[in-house]
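Subject: The two-chain model

Hi,

Here is the structure I promised to pass on. Please have it open while you read, as my notes follow just below it.

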Amino acid sequence: MFEKIRTQFLNIFRKESLSKYVYIGKYRGNKKMGSLQLLKKSPLGTNTRGFFLLSLVFISLLTHPFFGNATLVSPHLSSNTLNLPLEEEKVDIIVGKNNAIITSLSLTGGEFRFSLPLDTQQFRVIQRIDVALVNQSKYDKIWTNRPWQFPDGLNVRILTRENDIEKIKSIAKYVINYFYTTYNVSLSLLNIHLSPKEGTLLSFVGDIAYSVLHTFLDEIFYPYTSDSSGNIFLSFEDLLFRESIIYGFGFSLMRTSSTSFTLNRKVFLGLTNQIEKKGEYYIFNTTSLFKTYLRPNLDAIGSHLSLVLPFVVNVSFVYPEPQNVAAKATGTFEWWLKIGNLYVNEQFAAILVYTISSNHSLVFPRLSVTTSYAEQELINDGILNMTYQIHNSGNAKAINTTLVFPISNEFNDIIEHGVPNVPALKNNVGIDENLSSVISIHIDLGGVYVYDFTLLEIEGWYINSTTSEFLRWNNATHIELNDYISAYSTNGLPSDLYQQVLINVIPYLNEYDPLQLLLDDQLRLQFFTQLGENLTVSIQNAYQILYNALYTNKTFFQFQSDDFTYIPTPIGNFLVAFIPELDANKTVTLNWELNNVPTTYDRFGAFVMETVKNTNDETYVKFRTTQTNYYDLMANIFAETNKTGKFMSYYDNQTDIFVSFGSRFVYFDETGREYFGLSNGLNMQFADDEAILVSTLSLNETVYEVGSLLNFHLTLCNYGSIAARNVEISIMNIKLNYMWTPVDSIVLKTFYLNEIAAGESITLNFTLKANSYLGLNAYIALISFTSDYGQYPTVTVNPWTEKETFWIYGGETSNLVSSTLTFGILMPPKNLLGQPRPSFPVPEFVVNTTFSYYENTRTLVVTYNITNVGLSSSMVTSYKTLSETAISYLDHTTCYYSYNNSIETITPTIRETLGYTQIIYANISVPPGGNLIIEETYHNIPSSFVVNAIILAYDSEYQLYQTDFDKISYNGESASDLPIPRLDLIYNDSTITESKQNTFTWTDYSSILYLSFPKPPLSWLPQISSLSIYYPMLTSGVFTALLLVVLLVTKMKKQRF
Amino acid sequence: MPRRSDDTNIWKALANQVRRDLIVFIGEKGIVSFTEIRDRFNMKVGTLYHHLDTLGELISQDQNKYYYLTERGKRAYALIEDEIDVSAHVSRTGVPAFFHNLLLRPLFEFFSMDAIRPLGFSLLIFVGLCIASYYLTIGPVFLFPTFIDPSYFAPLFLIASTLILYILSDLTLRFIFGRKQGKLALLQGIMLIQVPLTLFSLAFYYGSSSSYPVYPWEMEVWLFVLFIFVQIYCLGLLVESYMVIKELRVEKAGFAALLITYLLNFLAFVIMNYFGGT
């Protein structure tokens, strides 16, 4: 359940954030101008940034997947060609070691003509195929580990749902044969993973010649290889062959249905000496790197470039101004080149100047905003007083703090319209539901014709709530209307009815002569008809008079605030507050109110006039007065209009969860550097008893290094009236992008609480190791819980119609709320020389591969030396997959673990999978300086022999930036407990433990040895020495020369020899 | 000087085209009657007798009055065919004689004169070579001694190498120079050539590692010098055997030996690198 919630978290967040946060961007576009003013003045006008962001939102509404992770498309498949829209062209640049650069180009979708027989039977069962050509042997000059988790060479990875061994073997054979016949590349199996659930993941690798790179590159990126498609790919192609030290490129094709695919293509390059250093300043210029201005692809819906500094710096200058929020603080600079048909930067170049920051005494503001309210005030007085406590726990003044609450449609309806047409009893009016009275009419025409009929039945009546006397009521039980008509009541009748009868009926009665009525049947019939009509008019008039006298229309939910401004916009409605300055260690409280919120104390009476029949099937009128409260009435209104009453939450259909993420705020320090944050979410609900959690996450430390222990405090307070149950808390480290949308998140720690009672406050104190996202390092707690635990949907009754309605949202619901967001500044760790180092994954492992060959016995000894050269310990799993053929040559293996001059022998374990043998050499924690030495001895090897790579899976303590090839979401390991080469960050189960937190599984590979030796002798043939060409040439030459000399001598001496 | 006088008569006999044709005709036929000569040349009988008389010692008649070429006539025939058998003119003294003796000319002449009588001795020597190669585990791939494992392949290589060299020599000399004679003598001569190679194998056995180094100059110097010497010596023996047994001039014998050497060296390179590797 909780996993499902977390999975949806980012998507939900995105859905709302896209439209909501843009408003912030508009505000920031002109700091001196209020948001409302800006929008009114120039919604699409002179402010370029505002226009840009507004455009972005509209485009996002039209092409939402463009901004999301999942991109489902329905391409046209014809033969080997895919025609997908080119959704995105994305260039990423990361500054690496020693002024090196890693840059990558990603294309999502687009036209694709790679010669894969996608419509063949063998390929139809393949869910996904990745092809990547990689050479990262010199990665240590650029980065601390391989940017892509592939071994060098041509990598082919397929994911199929097949689990049948023979079919998988057939697929593997087909793939190997296909690449051999098509590209003349001999693939061998690198790794295999089986899972009944996920299918089978097969990884192949083969050696390729440098000369064929061009062929692959052009084929994969066709048709974007010409200048007419912009020049970004061409620039990458040029760099790859001209300057790159390491490179990788390939595509990932995933089948979403029989004819639908998603496609990602990517090329990455590593280049040295791309940052110019002048004094203490570092200068990066895109034109120095690409040697040209970048022109986006004409076909791309969006073209985007980002530059990332994976360490804390002081940015002195950046041009053009990035379009993302907090660029200088986060070290991430983002620019759009093209959106739809709009060219933002038709010819793009950027320059960045920075100095390395190593000052731990940083001065900056740090705001936290806690949203809460007074439950008793709401219950007793019907006033929802929502307070925002803004506290600056930093050491510098916060400038221009803008707090924005993007309000839901339901809340917007409440603010704008209240609850419509709700009649309220006037002051001092109460209800006595016990009063009942029946009013009947008696007509006696001379004793010949006598009639009795019921005129009106009354159930319940109004009283003066102070004196308890009936209001507008006659106690008379017998009223002579004239000589032959009387009215009788059991307990009196409404005085207003009596008055209306006098007005409407008496004049009419006076018009008739009783004698004539007695004698004339026709006249009598007319008389009774008109009498009935006049009595009806009297009753109706009396009802209206009574209603008007006793009731008044009441307006609920009156919004009021001196601090917040309600701002409706075409793209969403907001409550916005602004604080010009907030000093360090100061707190400001802002609030907004909803007045006249109905409470259970508010009485409500329904006054209903209805027609009923008695036992004689005679029709008469009934006045029914019932008493209830406005609280129930409100529930009924919500039920009948299918509203939730949770006006601060969003309902997510996919997860059936109410989500609330609070308010966003942005502020600046005195240098203009941007900061941002989130207040806590609040699952407020009207008209229902609910567990309502207010959560505050705080962090003691403000500036820290990777590896530092951080002290957190999470306070959870149940403001509601019943207990919160099944409380699951997940502490997350999140990275937000320029739209304040989480682009990455890591679950660091989880807690489970069975219950938080109403009014109970719980504080959780815990420590975490700082490990991710240098610079602004943000943490947040996500709390999921069940409110109204065990309750069924509330049955509400409309007091006017007595109709019953189930209010499903009044029963048990699941909620997800966020805590306040807190952050510190995370500094990079120091290396062994005490200097700051880039924040790349630690530990770092180096795999050295050496081999010896003994010709006489055709024995090959391969030695792998795996050393942890990083800064922390890691759990390492080292294994290798061997084919049936390879295992037949393997004579024996040995594995040693060495640390601090002590050597321990490790016994490898062996397992069979699909006819392949997997040798698990070690599964051991390796501290810095520790190393594993693995020796494999092969005997009688053939002349052409491939030694497969050792796969090294280890826990990396943190990972700053995702550089790897596109992900495979693969969780299946039932046939294997080996870590699979996972290429993305996937949330762990909620059962994550303290010891396992903060880790990523990273995969590295040893070199693959492609060996070629002299051919082995066939057993029935003799073994003889080989002969180099020099010997026969020498012999022939000497003999030729000698013969010539002899002939010459014989000629000269004219002597026959 | 009588030999000089004989030569004068020969040149005189061969000065006429008709007489040269007569020599060729008789040489081609081997033995021929006067009637056949008359039919072939279609001239007056008196004229024909004149030319036959002028040929003098170049021809002779058997008891049936059939004409045949004398030894001198054969030489004349060879002279006419521009294939003079110079062996008869080899100097028996001085430096050339030294080299011819070094190259075992007397032995080859012995084989050439009578190939049957020394055959047993030759076979005995060859069997000895086979046994030696077995124990040395070294056999020749033509001109290149090599370690051979298993050892029983060594004599097989020796036999195969000898036979191939013989067949190539015989075919080459037959088709290029029309020499058909002396087959058995040539076989014995080639068997004789294996002797120095086997002797060198002994040195190779003690002085070499198990294989040829990639570059010849990486061999020990003495072994390298010996290796070159033995090979040249073997090729010299081959040339000498062609000259003596096939009655070829040194130029032609050398040319044939050179051609065969190229071929053998190529074959050796292919075979040793196909089977080689230890």
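Below are my notes on the contact between the chains, then on some places within each chain.

First, the ground rules. This is a predicted model, so to speak: local features need pLDDT of at least 70 and side-chain atom pairs count only at pLDDT 80 or more, while totals for chains, interfaces and linings use all residues. Residues are numbered from 1 along each chain as its sequence is written, chains are lettered from A and ligands numbered from 1 in the order in which they are written, and side-chain values use heavy atoms, with hydrogens and water left out.

**Where the chains meet**

Chain A brings 28 residues to the contact and chain B brings 50 residues; contact here means heavy atoms within 4.5 Å. Between them the two chains bury about 3,700 Å², and 70% of that is on carbon and sulfur atoms. Buried area is the accessible area (1.4 Å probe) that two parts lose on being put together, summed over both.

There are zero salt bridges between chain A and chain B, a salt bridge being a side-chain nitrogen of Lys or Arg within 4 Å of a carboxyl oxygen of Asp or Glu. Five residue pairs, both residues at pLDDT 80 or more, are in polar contact between chain A and chain B. That term stands for a pair of N or O atoms within 3.5 Å; within protein, one must be able to donate a hydrogen and the other to accept it, and residues adjacent in sequence count only if both atoms are side-chain atoms.

Which elements of chain A give two or more residues to the side that touches chain B? They are strand 61 (1023–1024) and helix 18 (1030–1052) of chain A. Helix 18 of chain A supplies the largest share, twelve residues. Helices (H or I, at least four residues) and strands (E, at least two) are DSSP runs, numbered from the N terminus. By type, this side of chain A has 17 nonpolar, eight polar and three charged residues. Ala, Val, Leu, Ile, Met, Phe, Trp, Tyr, Cys and Pro count as nonpolar, Asp, Glu, Lys and Arg as charged, and the others, Gly among them, as polar.

Three strands form an open antiparallel sheet in the order 61(A)-5(B)-4(B). Strand 61 of chain A and strand 4 (138–141) of chain B stand at the edges with a single partner strand each, so one side of each has no neighbour in the sheet. Strand 61 of chain A pairs with strand 5 (residues 144–149) of chain B over two bridges, and there A:Q1023 stands opposite B:D149. Within chain B, four bridges join strand 4 to strand 5, with B:I138 opposite B:F147. Two strands pair if DSSP finds at least two bridges between them.

**Inside chain A**

Strand 51 (residues 874–882) of chain A is largely enclosed by the rest of the structure, because eight of its nine residues are buried. Buried means under 20% relative accessible area, exposed over 50%, and partly exposed in between (1.4 Å probe, protein chains only). Strand 51 of chain A pairs antiparallel with strand 55 (residues 916–926) of chain A over nine bridges, and A:T881 faces A:Q918 across that pairing.

A:K646 sits in the loop between helix 16 (630–640) and strand 34 (650–652) of chain A. Is this lysine, A:K646, buried or exposed? A:K646 is buried, at 1% relative accessibility. Leaving aside residues up to four places away in sequence, A:K646 touches several residues, including A:E410, A:E690 and A:N815.

**Backbone details**

Most residues other than glycine have a negative phi, and most peptide bonds are trans. A cis peptide bond joins A:Y222 and A:P223, with omega about 5 degrees. Another cis bond runs from A:Y319 to A:P320, with omega near -5 degrees.

A:N596 has a positive phi of about 55 degrees and is partly exposed, at 30% relative accessibility. In chain B, the phi of B:K65 is near 70 degrees. B:K65 lies in the loop between strand 2 (59–61) and strand 3 (67–69) of chain B and is exposed, with a relative accessible area of 57%.

**Chain B as a whole**

Chain B has twelve helices and five strands, and 47% of its 278 residues are buried.

Best wishes
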